[in-house]
Amino acid sequence: MLYIRLFIEILLVAFFIYFVGGRLMGSQINFTKRVFSVGLGVVLTSFVYWYSYLRYTDYLTESVVSEVASVSTVIWIGSMVLISMLFYLFFELFDPIELGEKGERITGRKFFLRRMQLRWRRQKRLSQVLEIAIRNGITRGLKYARHRENDRELAIAFRDTLEQSGGIFIKFGQVLSTRTDLFPAPFIEELGKLHQDVKPLPSPQVQALLQNSLKAPVDEVFSFFDMEPLAAASIGQVHKAVLRKNNEQVVVKLLRPEIKRIMRDDLNILVEFAEWVSNRSKWAENLGFRQLAIGFAAGLREEINFDIEIRNMVQISNALAKSPYPVKIPKVYTEYSNDTLIISEFVDGKNLAKGGEVFRQAGVDPKDFARTVLFSFFEQMLFSGIFHADPHPGNVFVNAQDGTPILLDFGAVGRLAAPQQDGVIRFIIGVQQNDASVIYDAVTLLVEEHDHIDRQKFEQALGQLLLKISYVDAIPTTELIQSLFDLVRHFGLTFYPSVGTALRSLITLDGTLHLIDPSFDMFTEAKTFAKKYKSTAFKKPFKEPRIIKEKLEEELTLLIPELLNIPKRVDLLLQRVESGKIILHHDVFSDKKNSSFILQLFSRFVLLMTGITFGLVSAALLAIAQFIDAAFAVYLNIAAYTGLFLCVVLLVRLSIQAIRDMKRSA
């Protein structure tokens with residue numbers, strides 16, 4: 001009975017410590033680690049208490065329990081709290097959970113055993129990928145990587161590794177094969193050889209997917225559904241069908257059921273593989289290989305959410321509703337579509353891969369067709385701000401009925417804000433006028449930070465760039481954009497991600513336009529578009545005076561209240577000047593970097609003081625234990641040495657962080 005009573009008392013004390021200790025520490029560790037901390041604290045202190053005192057008693061009686069309680073209850077419970085708080089601190093230091101802006105935990109983690117299972121599976125898969133990489137010689141290639149432009153060894157090893165790893169890795173390589181702005185020619189050539197054979201889904205599985213995705217039975221939605229797919233890809237496959245309500249032919253795009261599992265397993269592995277490569281090669285680190293993998297993973301996660309693609313199609317279709325450049329975007333039946341299924345209008349289109357035969361059958365001039373595609377693309381990018389970000393030949397078809405372009409697959413879409421739209425327009429005009437100063441102004445709108453640029457040196461470099469494309473019959477668009485990437489990187493600048501997407505899309509579009517018409521010069525046509533833009537911008541106030549009048553009224557509505565307040569503010573300013581109350585104030589914390597630095601410095605100071613406090617308290621406990629002639633003095637020694645250990649952990653951790661900061665600043 002006494003043992004049960006003692007156990008209940010210890011359990012109540014544990015509950016008390018759980019709430020009090022967490023409040024005292026302000027810890028953000030999860031429930032499991034808090035319980036584990038309290039449990040360790042209670043068990044360790046109880047064991048030491050028994051070992052140092054209770055085991056010397058011959059039997060446990062109520063008198064002994066009362067004596068124990070009267071002599072050492074405070075020390076015992078206090079020690080439980082102290083040890084539990086030390087474990088709180090230990091788990092807080094090494095807790096990988098991300099915190100939000102207000103210090104809240106960003107959760108979404110799975111149960112412990114489930115996490116262990118997923119971690120084991122991830123480690124197994126990562127080990128397989130790394131084994132493939134080492135077997136193909138990536139480690140050897142990275143070790144001697146210097147200037148890889150003339151060396152194909154690493155490119156072949158990299159391609160073989162991605163190909164043998166399969167799945168997401170092949171798709172990643174296919175995406176990298178379009179990054180001519182980053183990779184040298186051997187890599188582009190080798191990665192371009194990557195192909196993925198995707199088997200179509202069997203008919204029973206297609207039927208099951210339709211039943212799970214549609215709100216109504218399949219027979220009520222479709223009067224006809226072709227189980228043989230028109231195309232099959234790694235993310236989804238496309239079928240032809242007929243809607244029952246209006247007998248219109250439609251295209252049904254289904255998301256593969258295993259794609260989310262593949263993403264869950266392989267995307268994180270891909271990022272870890274990229275980090276492994278970057279850690280072993282300065283070349284890969286400077287290339288931003290890990291950031292490429294992270295960007296690919298983020299883009300693919302959006303691409304498999306068909307709700308995003310549906311929204312993209314609707315947005316671009318609405319933006320081009322009054323466009324002078326006829327481009328067909330299939331209508332989406334949003335009432336049937338969802339995040340795993342898209343039903344869109346069927347348009348009879350011909351693939352560009354058939355070349356001139358397609359245009360001869362449609363009676364279309366290839367150059368006019370290419371010009372329509374280019375101008376529509378510029379209109380999307382420079383006026384509406386939302387544009388098709390993957391205009392490769394497989395996503396541009398020829399309408400068999402009227403010969404107009406058809407745009408497909410809106411999973412990858414870019415968005416340019418107004419300042420960046422203005423920057424791209426200025427860049428085109430600057431190239432047209434051969435004016436480095438105009439291009440400089442354009443670049444300042446396209447990069448993230450430009451305060452440190454030496455304008456004179458940058459314009460000199462731009463002038464050299466312009467000379468490369470002067471006095472030639474056709475401007476090499478790909479070379480121009482790649483040279484711009486190199487120049488920006490050389491001056492320590494970084495394009496906004498959306499701008500990088502737009503420029504890479506131009507490179508992809510250039511290849512598509514050359515497939516349509518090998519003699520097509522994209523940048524020469526871009527000059528024509530720029531001239532039209534300037535002419536339209538100049539004539540617009542005269543052609544549409546009503547719109548300009550409404551715009552002026554809107555601006556004046558916002559401006560007039562501010563203008564009316566100016567005399568009052570000037571009078572107030574003069575009064576303050578006369579009274580000598582003008583004070584210049586600069587808030588250090590208004591700058592995000594300063595605020596982050598101060599916060600980081602303060603948090604480290606708190607950790608430092610915590611470590612010193614634990615050290616002083618532990619030293620005091622050691623000193624007290626020397627003057628106590630009792631068995632439980634051993635317990636004080638153990639608590640003191642534990643505190644000293646954690647004090648050392650804190651101080652060493654802070655020292656390592658300080659050394660790393662000094663290396664970064666150097």
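Visitor: How many aromatic pairs does the count come to?

Guide: The model is predicted. Two rings pair if their centres lie within 6.5 Å, and by this rule the count comes to 11 aromatic pairs.

Visitor: What makes Phe222 and Phe225 an aromatic pair, and which kind is the pair?

Guide: The rings of Phe222 and Phe225 are 5.5 Å apart, centre to centre, and the limit is 6.5 Å, so they pair. The planes stand at 55° to each other. Under 30 degrees would be stacked and over 60 edge-to-face, so the rest are called tilted. The pair of Phe222 and Phe225 is therefore tilted. Both residues are buried.

Visitor: Why is the pair of Tyr440 and Phe458 called edge-to-face?

Guide: The angle between the planes is 70°, and angles over 60 degrees take that name, so the pair is edge-to-face. The centres are 5.8 Å apart, which is within 6.5 Å.

Visitor: Which parts of the chain does the pair of Tyr440 and Phe458 link?

Guide: Tyr440 belongs to helix α18 (residues 436-446) and Phe458 to helix α19 (residues 455-468). The two residues are 18 residues apart, and the pair links distant parts of the chain. Tyr440 and Phe458 are both buried.

Visitor: Which residues do ring pairs link into a cluster?

Guide: Phe169, Phe273 and Trp276 are linked in this way.

Visitor: How do you know that Lys240 lies over the face of Phe346?

Guide: Lys240 is at 4.4 Å from the ring centre of Phe346. The limit is 6 Å, with a further condition of 35 degrees from the ring normal. Lys240 is listed as lying over the face.

Visitor: Why is strand β3 said to be largely enclosed by the rest of the structure?

Guide: Six of the eight residues of β3 (residues 236-243) are buried, so the strand is largely enclosed. Buried here means under 20% relative accessible area.

Visitor: What makes β3 and strand β4 a pair of strands?

Guide: Pairing takes at least two bridges. Seven bridges join β3 to β4 (residues 249-255), so the two strands pair, and they run antiparallel. Val238 has Lys253 in β4 as its bridge partner.

Visitor: How many bridges join strand β2 to β3?

Guide: Two bridges join β2 (residues 231-232) to β3, antiparallel, and at least two are needed, so these strands pair as well. Ala231 stands opposite Val238 in β3. β2 and β3 form a hairpin with three residues between them.

Technical notes: Residues are numbered from 1 along each chain as its sequence is written. This is a predicted model: local features need pLDDT of at least 70, side-chain atom pairs count only at pLDDT 80 or more; totals for chains, interfaces and linings use all residues. Side-chain values use heavy atoms; hydrogens and water are left out. Rings of Phe, Tyr and Trp (its six-membered ring) pair if their centres lie within 6.5 Å; planes under 30 degrees apart count as stacked, over 60 as edge-to-face and the rest as tilted. Buried means under 20% relative accessible area, exposed over 50%, partly exposed in between (1.4 Å probe, protein chains only). Helices (H or I, at least four residues) and strands (E, at least two) are DSSP runs, numbered from the N terminus.
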